[in-house]
Amino acid sequence: MTERGVSSMGPALLPFVWLGVAVIAGLIEAASPMLVCIWFCLGAAVTFVVSFFVDDLLVQIAVFVVASFVMLAALRPFMKKRINAKGEQRTNSDAYVGRIVTVSQGITETRDGRALLGDTSWIARLADGGSLKAGSKARVHAVDGARLVLLPLTDEEDADAPADTSPTA
């Protein structure tokens, strides 16, 4: 090591080392089902930029460690909300489960009705085979093809839960 903390490869090559670390961490992240290396990928990307201005390898390593930790602390809570308990990201129709809908056309035991989820009208039936009047609120229990399977809200839930009006797309 020289007095500036840079090995014999020279300071001009260090940005490419950090770029390589970022790419390798990104590839590992893409191949894994969980958030494993994204923090290191982002930390290496920050260090890649910093390495153009700072030649000291020890400072660059410190930047990598701090940037990776900051990315972990700042982004993990946000990312964890997007991932369910099984470690899978809820996408497409799975993302509708648990949302509150408004019944727009009554549902009976023998006839499907319609429910509004966001700005989309869905065919709907009740999971328990009961009935709901138009204007009632229910919670999406499952999605069966193009049909919502609903559970009626209890009186307490109904009073507290506004219908989900966020867009479905």
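I started with the length of α2: its 13 residues should span 18 Å at 1.5 Å a residue, and its end C-alpha atoms are 18 Å apart, which agrees. The expected span here is 1.5 Å times one less than the number of residues. Helices (H or I, at least four residues) and strands (E, at least two) are DSSP runs, numbered from the N terminus.

Before going on, I noted what I am looking at: a predicted model, where local features need pLDDT of at least 70 and side-chain atom pairs count only at pLDDT 80 or more, while totals for chains, interfaces and linings use all residues. Residues are numbered from 1 along each chain as its sequence is written, and side-chain values use heavy atoms, with hydrogens and water left out.

Next I checked burial in α2 and got Trp 39, Cys 41, Gly 43, Ala 44 and Thr 47 as buried. Buried means under 20% relative accessible area, exposed over 50%, and partly exposed in between (1.4 Å probe, protein chains only).

I stayed with Thr 47, which has a relative accessible area of 0%. What does the side chain of Thr 47 reach? I found the backbone oxygen of Gly 43, at 2.8 Å. That is a polar contact: a pair of N or O atoms within 3.5 Å, where, within protein, one must be able to donate a hydrogen and the other to accept it, and residues adjacent in sequence count only if both atoms are side-chain atoms. Leaving out residues up to four places away in sequence, Thr 47 touches Trp 18, Gln 60, Val 63 and Phe 64. Contact means heavy atoms within 4.5 Å.

**Helix α1**

Trp 18 sent me to α1, where the buried residues are Leu 14, Pro 15, Trp 18, Ala 22, Ala 25 and Glu 29. They cover an arc of only 110 degrees around the axis, which puts them on the same side of α1; the arc is that of the directions from the helix axis to the C-beta atoms. An α-helix has 3.6 residues a turn, so residues three or four places apart point the same way. On the other side I listed Phe 16, Ile 24, Leu 27, Ala 30 and Ala 31 as exposed.

**The barrel**

Then I turned to the strands: 5 of them close into a barrel in the order β1-β2-β3-β5-β4, with mixed pairing. Two strands pair if DSSP finds at least two bridges between them.

β1 and β2 run antiparallel with 3 bridges, and Gln 105 stands opposite Arg 114. β2 and β3 are antiparallel over 5 bridges, with Arg 114 partnered by Ile 123. β3 and β5 run parallel, joined by 4 bridges.

I looked at two hairpin turns. β2 and β3 have 2 residues between them, and Gly 118 in the turn has a positive phi of about 65 degrees. β4 and β5 also have 2 residues between them, with Gly 145 at a positive phi of about 65 degrees.

**Whole chain**

Last, I read the pattern along the sequence: α-α-α-β-β-β-β-β-α. Buried residues make up 28% of the 169.
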